[in-house]
Amino acid sequence: MERCYLDEYRAWDVLLNRHYRDRPRGQGADAMQQVQRAWITYRDRKCAYFQIHYSGGSMARWLGAQCMMDTTARRAIELRFFVQDR
């Protein structure tokens, strides 16, 4: 299960990076960069918490991988909105 989640996470990450690269420039570009950096920190800490909460358990790794997939997918969809809504 972990491998499947991580494979899908990587696919969403490609889309996320594509949408971020294609984001509107100009007014708000610096703010978007700051938001994205903060979001990455949030995602990584949020998903790492599963390793802490379920430490030593068999669920820790696949729940962390599922978190990375879900959180990245949601952000990719958000960024797509910003790219399309120019």
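The model is predicted. Of the 86 residues in the protein chain, 30% count as buried. Along its principal axes, the C-alpha trace spans about 45 × 20 × 15 Å.

The protein chain holds three helices and zero strands. Read from the N terminus, its elements run α-α-α. Helix H1 covers residues 2-21, helix H2 covers residues 29-53, and helix H3 covers residues 59-84. Among the contacts between residues at least 6 apart in sequence, 75% join residues at least 24 apart.

The charges can be described by their mean positions. The protein chain has 15 positive and 10 negative charges. The mean position of the positive charges and that of the negative charges are 2 Å apart.

## Aromatic rings

How many aromatic pairs does a search of the whole structure find? The search finds three. One of these is formed by tyrosine 5 and tryptophan 62: the ring centres are 6.2 Å apart and the planes lie at 15°, so the pair is stacked, the cut-off for stacking being under 30 degrees. This pair links distant parts of the chain, since tyrosine 5 is in helix H1 and tryptophan 62 is in helix H3, 57 residues apart. Tyrosine 5 has a relative accessible area of 17% and is therefore buried, because buried means under 20%. Tryptophan 62, at 24% relative accessibility, counts as partly exposed.

Phenylalanine 81 and phenylalanine 82 have ring centres 5.6 Å apart and planes at 65°, so this pair is edge-to-face, the cut-off for that class being over 60 degrees. Phenylalanine 81 counts as partly exposed at 48% relative accessibility. Phenylalanine 82 also counts as partly exposed, at 37%.

Another ring is approached by a charged residue. Arginine 23 lies over the face of tyrosine 20, at 3.8 Å from the ring centre.

## Residues along the chain

Histidine 19 lies in helix H1. Its relative accessible area is 15%, so histidine 19 is buried. Which residues does histidine 19 touch, not counting residues up to four places away in sequence? They are Ala76, Leu79, Arg80 and Val83.

Proline 24 counts as partly exposed, at 33% relative accessibility.

In helix H2, isoleucine 52 has a relative accessible area of 60%, so this residue is exposed, the cut-off being over 50%. Isoleucine 52 and glycine 64 are 12 residues apart in sequence and 9.9 Å apart from C-alpha to C-alpha.

Alanine 60 belongs to helix H3. Is alanine 60 buried or exposed? At 2% relative accessibility, alanine 60 counts as buried. Residues up to four places away in sequence aside, alanine 60 touches Phe50, Gln51 and Tyr54.

Methionine 68 counts as buried, at 16% relative accessibility. Neighbours within four places in sequence aside, methionine 68 is in contact with Tyr9, Arg43, Asp44 and Cys47. Methionine 68 and alanine 38 are 30 residues apart along the chain, and their C-alpha atoms are separated by 15 Å.

The C-alpha distances given above are collected here.

| Residue pair | Separation in sequence | C-alpha distance |
|---|---|---|
| Isoleucine 52 and glycine 64 | 12 residues | 9.9 Å |
| Methionine 68 and alanine 38 | 30 residues | 15 Å |

Methods: Residues numbered from 1 in each chain as written. Predicted model: local features only at pLDDT ≥ 70, side-chain atom pairs only at ≥ 80, totals over all residues. Heavy atoms only, no water. Helix = DSSP H or I, 4+ residues; strand = E, 2+ residues; numbered from the N terminus. Buried < 20%, exposed > 50% of the residue type's maximum accessible area, 1.4 Å probe, protein only. Contact = heavy atoms within 4.5 Å. Lys, Arg positive; Asp, Glu negative; His and termini not counted. Charge placed at Lys NZ, Arg CZ, Asp CG, Glu CD. Phe/Tyr/Trp six-rings, centres within 6.5 Å; stacked < 30°, edge-to-face > 60°. Lys NZ or Arg CZ within 6 Å of the ring centre and 35° of its normal.
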